[in-house]
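Thanks for coming, everyone. Let's have a look at the next structure together.

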Amino acid sequence: MSVHRRSAGPPRSELIADTALALLAERGMRGLTHRAVDEAAGLPQGSTSNHARTRLALLEAAVGRLAVRESAVLTPAELQTLTTPDKSNREPLITALALALHRYLTGDHRHLLVSRYELALEATRRPELRAYYDAAGARFREPLVALMRTMGSPDPERHALSLAAWCEGLLFSHAAGSFGTPPPSEESLRTGFRELLAGMLNEP
């Protein structure tokens, strides 16, 4: 396993968190230890413990870094700039949603998805991690709720959940499910988003 580094080296906190994510994807939750992070990152023994003294702290660092890296791929802020009072014209939004999802499915991001699934499952067993995991996920949920409200949804919270669940289902199917290859095209994704939004917003 190798962790990407710039020539000058990333900040140690990022290196540790990125290495933790890579280990989660490669070895699962049992393979994530402070010593394993030190070894995989090429750090002196004890470096990870100095940065994240407990296992919970290490998991929280991984969750926080995962949210940052997924934001760079899915770019939820883009959605806010594309919402428009003209509810009849959803094509720019549909195009942006399809592009973001296609970028995730076709890029070298599978390890991020697998590590997220490991962290999500661990959060079901650790209430303290669940609170942190949910807070990190708010940066994705809140723009979707605002988006559905702007587009005229009569129930933005519920429709945001439906939209997120549809996206999550596609991501899981291609990262760990039975539809691994090939990923859907952007045109197929645009059609799916178009149908989903039309159904939720009570259009024929």
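So, to start: is Arg130 buried, partly exposed or exposed? Arg130 counts as partly exposed, because its relative accessibility is 26%; buried means under 20% relative accessible area, exposed over 50%, and partly exposed in between, with a 1.4 Å probe and protein chains only.

Before I go on, some housekeeping. This is a predicted model, where local features need pLDDT of at least 70, side-chain atom pairs count only at pLDDT 80 or more, and totals for chains, interfaces and linings use all residues. Residues are numbered from 1 along each chain as its sequence is written, and side-chain values use heavy atoms, with hydrogens and water left out.

How confident is the predictor? Its score for each residue, pLDDT, runs from 0 to 100, and the chain averages 87, with 88% of the residues at 70 or above. Helices here are DSSP runs of H or I, at least four residues, numbered from the N terminus. Where pLDDT is low, the predicted coordinates should not be read in detail.

Back to Arg130, then. Arg130 forms a salt bridge with Asp134, and their closest N and O atoms are 3.1 Å apart. By salt bridge I mean a side-chain nitrogen of Lys or Arg within 4 Å of a carboxyl oxygen of Asp or Glu. The two residues sit four apart in helix H8 (residues 127-150), so about one helical turn separates them. Asp134 is partly exposed too, at 31%.

The count comes to 14 salt bridges. One of them joins Arg116 in helix H7 to Glu168 in helix H9, 52 residues apart, with the closest N and O atoms at 2.8 Å. Arg116 is buried, at 9%, while Glu168 is partly exposed, at 32%.

The whole structure has two aromatic pairs, meaning rings of Phe, Tyr or Trp (its six-membered ring) with centres within 6.5 Å; planes under 30 degrees apart are stacked, over 60 edge-to-face, the rest tilted. Tyr117 and Phe172 have ring centres 5.3 Å apart and planes at 65°, so that pair is edge-to-face. Tyr117 is in helix H7 (residues 110-123) and Phe172 in helix H9 (residues 156-175), 55 residues apart. Tyr117 is buried, at 16%, and Phe172 is partly exposed, at 42%.

Key
pLDDT = per-residue confidence, 0-100.
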